[in-house]
Structure formats: structure tokens, C-alpha cells
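Please take a moment to look over the sequence and the structure shown here, and then follow the explanation below step by step.

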Amino acid sequence: MSAQSHREVHVDSTTPIDNRGAPAPRAGLARRLWSSPVLRKNLGAAAGLLAVFILFTVLLAITRGLSFADPDNLETILRQTTIVAVAALGATIVIVSGGIDLSVGAVIALATVVIAGLLHAGAPPALAALGGLAAGLACGALNGLLVTRLRVVPFIVTLGTMLLVRGVAKGLAHDQKIDAPTSWLNELLARLPASRAWLLFPAGVWLLFLLAFAVGGLLLYTRLGRHIFAVGSNEQAARLCGIPVPRVKLAVYLLGGFLAGAAGLMQFSRLTVGDPTGANGLELNVIAAVVIGGGSLSGGEGSVTGALIGALIMQTLQSGCSQMGWPNWVQEIVTGAIIVAAVALDRFRHRRTA
Amino acid sequence: MRGVKKRFGATQALGGVDLVVAPGEVHALLGQNGAGKSTLMKVLSGAERPDAGEMRIDGDAYAPADPQAARRAGVAMIYQELSLAPHLTVTENILLGVEPVRRGLLDRAAMRDRAARALAELQHPTIRPDAVAGALPIAAQQIVEIARAVAVGCRVLVLDEPTSSLAQADAEALFALIARLRAQGHAIIYITHFIEEAQRLADRFTVLRDGQSVGGGPMAAATVPEIVDLMVGRRVEQLYPRGARTRGAPLLEVTDLAGAPKPIRASFALHRGEVLGIAGLVGAGRTELLRALAGLDPIVSGRVKLGAYSGSATPSLRWAQGMALVSENRKEEGLALGLSVADNLTLSKLPALVRPSALRPLTARWIAELDVRCQGPDQPIGELSGGNQQKIAIARLLHHGVDVLLLDEPTRGIDVASKAQIYDLIDGLVTRESPPKAVLMVSSYLPELLGVCDRIAVMCRGRLGPARPASAWTEASLVHEAALGSDTDSEAA
């Protein structure tokens with residue numbers, strides 16, 4: 001099939017065609033790890049996480065004699081990260097495609113309301129959980145259809161649906177919190193009882209890992225995933241290559257909505273009530289997590305690993321600050337500074353390699 | 001400029017460039033892509049500082065710290081990609097950065113006055129100073145940029161490939177303008193790929209190759225082959241290779257095709273084993289024809305028969321039917337610059353489950369076969385030179401295994417060596433493949449059309465003339481028909 005098959009071609013696929021700038025080959029696992037793009041791209045974010053972690057470990061040990069690296073504390077941080085992390089998985093997909101979803105916080109609130117409402121009405125917990133996910137999916141469908149059919153930019157569409165969905169949640173809940181009978185849903189993010197310590201983490205954290213693997217696999221190893229990167233990197237080129245751009249975008253917002261619904265399930269598990277005013281402004285934390293992890297708001301860049309690290313960095317900061325006894329406003333200043341610094345560093349790295 | 005050097009890391013981008021330009025002279029700067037033209041521009045404009053060497057203007061040392069300083073010293077750049085603020089008015093653009101201020105407020109009257117004077121000086125008083133820059137045609141936007149240079153009293157004007165986005169008539173107007181600026185005593189550096197343009201305009205020339213000035217002198221004393229040899233550094237034996245071509249069965253038959261708003265009417269048949277060229281002016285509707293065929297733009301009426309299929313189709317259906325487009329606009333439409341070589345190559349043909357490790361050797365094969373210079377399949381394609389990017393853009397179609405290749409300006413903005421490789425590649429598609437493929441090629445570069453194509457048709461104002469053998473055309477007859485339309489067409493009309 002080749003254009004010039006008469007030419008003798010010898011290719012060794014392991015050798016760079018032109019060796020300039022390629023890392024010096026090292027044997028064995030270290031080299032394989034180094035050449036793994038997932039690891040190399042997230043090195044900066046991981047180093048940031050480590051730095052924040054070590055900082056608080058030292059600070060807490062010196063000033064208060066507390067152990068930040070205590071397994072219990074680590075587990076707590078992980079549990080608290082889960083809500084933002086699950087939503088950040090969805091936001092990663094959306095941001096890689098060159099879009100943005102501002103309705104995440106409102107969708108989470110709606111999902112908690114739906115779940116609590118269903119439980120209150122006597123539905124079994126599994127059905128209630130499915131109801132929350134379905135609510136997320138419906139919001140994603142709305143976002144996706146508006147973006148692809150009306151051709152309005154995602155920022156505006158989801159700014160609108162942010163208010164719209166929040167309104168629906170408040171309406172459904174008659175402007176108050178919905179109490180729900182206790183069920184196993186509340187254990188998703190609860191500290192594990194000693195009898196089940198062998199699980200290491202509560203089910204919700206395992207669910208996060210499962211979803212992260214699924215989304216990461218989707219982005220890297222499926223046609224849809226590669227198409228999402230292509231649409232985010234250059235929509236015109238994607239169309240030229242025969243990629244059904246509107247269908248890809250619809251899938252992106254559906255997935256984003258579904259994962260926001262899943263984050264809502266986690267939120268409900270932690271709060272044990274349906275709160276229509278909850279998760280206010282959470283979408284910004286979610287976007288920040290993706291961006292700290294190397295996601296680019298102009299699309300085509302971003303990774304699940306990065307987003308998870310980003311979410312962990314923010315939660316570690318929050319935990320560290322509160323254990324230091326620092327007031328809330330200090331946390332906010334520090335978090336804001338970290339977001340700007342992380343992205344500035346990333347840009348700097350880009351410029352050097354370009 | 002004397003002995004100007006610049007290195008980036010391990011790459012010596014400029015290794016000793018000498019350039020002397022006199023007032024009232026148009027000096028052509030020729031060279032392939034990557035020869036160091038753009039780096040030299042950056043040094044001149046103050047965007048980059050040279051590592052060695054010196055620059056003087058009127059005998060005074062010239063070492064601009066930034067582009068603003070260069071502008072104050074009288075050096076102005078007109079980049080290929082125009083740099084106007086599209087939402088601001090013509091006046092605001094012309095005086096951007098040097099706005100006159102009175103008592104802390106913008107002096108609107110003085111601004112309008114200075115802008116109008118600059119435009120009058122260029123003999124373009126028809127451009128309204130209050131017009132919004134983005135709404136003007138490209139040619140007028142270029143005039144506004146030149147007016148911006150004139151308004152601050154520039155002495156050295158640098159134009160980078162200024163005709164690349166202009167239609168013939170606009171280019172003529174630009175040439176006249178350059179002649180007037182020369183007469184006013186401006187020193188003009190004219191950067192171009194087109195030797196013919198340099199010969200028309202320039203008094204003297206300098207050729208850059210691999211970051212060095214390798215030759216130059218009075219333009220009138222040099223011939224085209226001499227200059228090409230200087231640019232390439234070796235003799236180009238056969239720029240347009242031609243294997244034995246056998247015309248096969250018709251693959252693509254187009255009857256009375258019309259799009260919105262162009263093409264108006266196009267009919268032709270493209271056979272296996274032939275390269276059919278389409279000439280015409282920019283804006284004649286050639287790109288629109290290819291886009292309609294590729295399913296990117298809607299077809300209003302007419303018939304498209306591709307092999308066993310007929311009717312209109314979506315881009316993905318066209319790929320499946322075996323026809324696809326290489327866009328004239330690599331950066332905006334052709335390639336996803338942030339993604340890797342492998343991603344770009346395989347984008348149209350991905351299995352439902354993708355194993356990146358399986359894509360790499362596949363890509364490496366094409367990299368080797370088309371002699372693409374890159375670090376490997378994982379390198380972001382935006383880091384490659386234009387010629388190497390274009391090879392991947394074409395390889396995408398070959399990898400997909402299409403039969404009909406729609407090539408829109410396939411050698412725009414790429415260096416001579418890559419051009420020669422792409423000509424050889426196109427020839428190979430119709431001679432060395434079995435079964436041979438069919439190529440429909442749009443180009444504004446007439447020697448290329450005449451050299452590569454078997455038959456050529458000319459498009460004029462949305463109407464496609466009859467295809468005639470390439471040997472029946474000359475550059476002059478192509479230009480004539482592009483400007484006036486074909487005789488048969490005027491009979492029909």
C-alpha cells in the first residue's frame with residue numbers, strides 16, 4: 001500500500017529518527033518509566049504535591065508535634081479529596097476537548113437532592129444512587145445538546161445551566177435540605193470500621209480509583225479518547241479527518257455530567273442529606289485541579305493522573321492549613337497562589353521545551 | 001549588519017550573516033525555510049538579541065532591547081501573519097503604542113490626522129481611518145500595517161512574504177507601493193520564496209542558507225538557476241520528476257457542481273494514474289471546490305460520482321469511500337499542532353481500542369519512507385518544519401489508503417528541498433503504486449502545476465474551465481484564463 005514501496009526501508013522503531021534532544025538511553029525499568037509519557041508529563045505536579053506534603057509534615061512536626069504522614073491522616077485526606085477528584089475526572093475530559101463545564105457544582109447539588117428525595121420516598125439505596133447518576137447524565141445531555149446544536153461557546157452554555165440546574169435543585173427540594181434515612185450509601189466515604197480495615201480504603205475511594213482507570217483508559221486507549229484530544233487540539237483538523245465532531249462533544253458532556261453525578265453521590269454520602277445549596281463554587285476547585293495537573297484551557301492537553309494530583313494538592317493544602325490552626329482566609333490565599341504558580345510553572349516548562 | 005550570530009541551545013540558527021541595505025534600495029532576502037530568515041528578522045526587530053556581530057543604522061550602533069525600541073530606531077516589520085488588533089479601528093491600529101496624548105487623554109483629532117496622513121502618503125486615502133481593521137480585506141489590512149510603519153517615520157521596512165495571502169491584483173498594487181516607498185528613500189528588505197518576485201522588485205539580493213549569507217549582489221546580474229543553486233546548496237537536477245504515466249479508468253466524475261457561494265459550476269473527470277491541476281486566482285473558488293468534494297462544505301447542486309458511490313457525503317464517509325483532502329492551511333485546519341506525529345498521522349483511521357505502542361512502529365515506517373525529519377513518532381508535530389509537517393499531512397491519506405487525493409496548495413510555505421520530495425511523492429502515487437492513485441491538485445504556483453500535472457483546468461470566478469493537457473498550457477495562457485475566464489465559458493455565458 002505504500003507510496004514508494006520500491007524503496008528499501010529499514011526502520012528500527014526503538015531508535016529515534018533523529019537523536020537530538022532525546023534522553024540518553026538507559027537500560028531497564030528506569031528507562032521504561034522515564035520514557036513513559038504519563039510519568040514524565042506529571043513529574044512537575046507530583047513534585048509539587050510532594051513539596052506541599054513535606055512542608056506540612058515539617059511544619060506540623062516542629063510547631064505542634066503532630067504527624068502529618070500518619071496513615072490515618074493520609075486516609076482522611078484521600079477520603080476528603082474524593083468528591084473533587086471524581087468531578088475532576090469529568091472536567092478533565094471536558095477540558096481536553098477544549099470545552100469547560102461550569103455547571104459541575106450545581107449538578108452535584110442536584111444529584112444529592114435527587115438521591116435524598118428518592119431515599120425519602122422509600123426507594124432502595126441502589127435505585128436512589130442510580131437516580132443521582134441519571135440526573136447527572138441528563139444535565140450532561142442538556143449541556144452537550146446546547147453546545148452542539150446552538151453552537152454557543154461552552155463557557156456561556158454552562159454558565160446558563162449552572163443557574164438553571166441550581167434552580168431545579170432548589171425547586172425539587174422546596175428550598176430546604178432533604179433528610180434521608182441512613183443507608184449503606186452513607187458508608188461510601190466514611191472511615192472504615194476496624195472489622196473491615198483489610199479494605200484499606202472505604203468503597204468510595206475504591207470507586208474513585210476504578211473511575212480514574214476507566215477515564216484514563218478511555219482517553220489514552222480508545223478511538224473516542226484520541227478523538228477528544230484531536231477535537232480539543234484542533235477542531236478543524238479533526239473535522240477534516242472525518243471525525244464526527246458534534247457527536248464527540250456530546251459524548252464529552254455526557255461523560256462530564258455522569259461523573260458530576262457520581263461526585264454528587266459521594267457528596268451525598270458525606271453529608272447524608274440532599275442539599276440544594278451545597279457544592280457552591282465547587283466547579284472552580286474542580287477546574288483548578290485539572291489545570292494544576294497540566295490541563296490546558298485551550299484544549300488538547302490534560303491527564304487523569306494530573307487531575308488527581310491536582311485535587312490531592314488542594315486537599316493537602318486545606319488539611320495542612322486547618323491542622324496548623326490557620327484561619328480559612330489563609331487557606332484561600334495559599335490555594336489561589338498555588339493555582340497561579342502551578343500554571344505559570346507549566347507555561348514556563350512549555351516555553352523551554354518548545 | 002556584520003557577522004551577526006545567534007545560537008539556540010545546540011542549534012546555530014545564525015552563523016555569521018552580513019547584510020548591507022542602502023536607502024532607496026529594495027533588498028531581497030532569499031532562502032529556504034529554516035535558512036535563518038525568521039531568526040534574522042527577530043534579531044533585527046529586537047525580539048531576540050544576537051550573540052555576536054554588530055548592527056548599524058546610518059553609522060550609529062543599533063542594538064534594540066525590544067521591538068518597541070526597534071520601532072523608535074526606525075525599523076519596522078510587516079510579518080506574514082498580519083498583527084493588527086482586529087477589533088480596533090484603522091486609526092487606533094496605525095498609532096498603536098505611540099498614541100499622542102494631551103493632558104493625560106488620547107488626542108483623538110491628532111490621531112485621526114496622523115493616520116489619514118500616513119494613508120495618504122501610501123496613496124490609499126480610500127481606507128477609512130474609522131473603519132474596524134478586522135472588517136477590511138487582507139490587502140487593505142496589509143496597507144494599514146505599512147501605514148503603521150510609515151506613521152512613526154520608519155527608515156528600514158522589512159516585509160516577510162507579503163504576497164503570500166494576496167490575490168494577483170493586490171500583489172501588483174503592493175509592488176507599486178513598494179516602488180514608491182523606495183523612491184521616497186526607504187530601505188526595504190523583502191523576504192520571499194519567490195525568486196520571480198525578487199527579480200521584479202529588488203535592486204540587490206542576499207541568499208541565506210543554514211544561517212549564513214552565502215551569496216548576493218545586484219539582482220539584474222543573477223539568473224534563476226544560479227539563485228536556486230545558492231539556496232539549495234547543490235544543483236537541483238530534476239525538480240519535477242515524471243515517471244511513465246498511464247491514464248486509467250475515471251475515478252471521480254463531477255458534473256455541474258455548485259456550492260454556496262462557490263464553486264458556481266465545475267465539471268471534470270479525474271482518472272486513475274493522473275494528476276489533474278487546478279489553476280486560478282486566490283478567491284476563484286478552488287479551495288471551495290475541494291472542500292465540497294471532501295464533504296466539508298455543503299453541495300448545492302450537481303453530481304459527484306466517486307467510484308461506485310454517487311451523491312454528497314460527510315467527511316467521514318468520503319474517507320471511507322477513499323477520497324480525502326490535504327488542507328492549504330496546515331496550522332489552522334490541516335494538523336493538530338499540539339498532538340504528536342503519530343496522533344496526527346493515524347487520526348482518520350483509529351481502531352476502537354488504541355494501543356499507542358502499536359501506532360509507533362506504523363508511524364516510524366512512514367517517517368522513514370517519506371524522509372520526515374523529526375525526533376520520532378511521539379514528537380509534537382508543531383515542532384517540525386513546514387515541509388516535514390506537510391509530508392505527515394499527506395502520509396495521513398496514504399496511511400488511510402485513499403485512492404483520490406485532493407491536495408490544496410501542497411507546497412505552500414515549504415522549502416525547496418521538501419518541495420522536490422513532495423513532487424517526487426506525487427509522481428510516485430500515480431506511477432509507482434498499483435493500482436495507481438488519482439491526484440487533484442490546486443496550486444497558485446504555475447511552474448509547479450506545469451511541472452507536476454498531466455492536465456490542468458483553470459478556475460475563474462467560481463467557474464471551472466475545460467481541462468487541457470499540461471503541454472497545451474503556458475504560464476502566460478494560465479494567467480490569461482485565470483484573469484478572464486475560458487473562451488468556451490464566455491461562449492456559454
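Which domains does the domain assignment of chain B give? There are two entries, domain 1 (2–232) and domain 2 (250–350 + 357–492), with bounds that come from an automatic or database domain assignment. This is a predicted model, in which local features need pLDDT of at least 70 and side-chain atom pairs count only at pLDDT 80 or more, while totals for chains, interfaces and linings use all residues. Residues are numbered from 1 along each chain as its sequence is written, and chains are lettered from A and ligands numbered from 1 in the order in which they are written.

Chain B holds an open sheet of 6 strands in the order β7-β10-β11-β3-β12-β13, with mixed pairing; strands here are DSSP runs (E, at least two residues), as helices are (H or I, at least four), numbered from the N terminus, and two strands pair if DSSP finds at least two bridges between them. Because β7 (75–78) and β13 (212–218) of chain B each have a single partner strand, they stand at the edges, and one side of each is left without a neighbour in the sheet.

Within this sheet, β3 (residues 26–31) and β12 (residues 204–209) of chain B run parallel and are joined by 5 bridges, and Gly31(B) stands opposite Leu208(B) in β12(B).

Turning to the two domains of chain B, the centres of domain 1 and domain 2, taken over C-alpha atoms, are separated by 32 Å. In chain B, 8 residues of domain 1 are in contact with 10 residues of domain 2, where contact means that the C-beta atoms, placed from the backbone, lie within 7 Å. On the side of domain 1 of chain B that touches domain 2 of chain B, the largest share, 3 residues, comes from α8(B).

Note on methods:
Contact = placed C-beta atoms within 7 Å.
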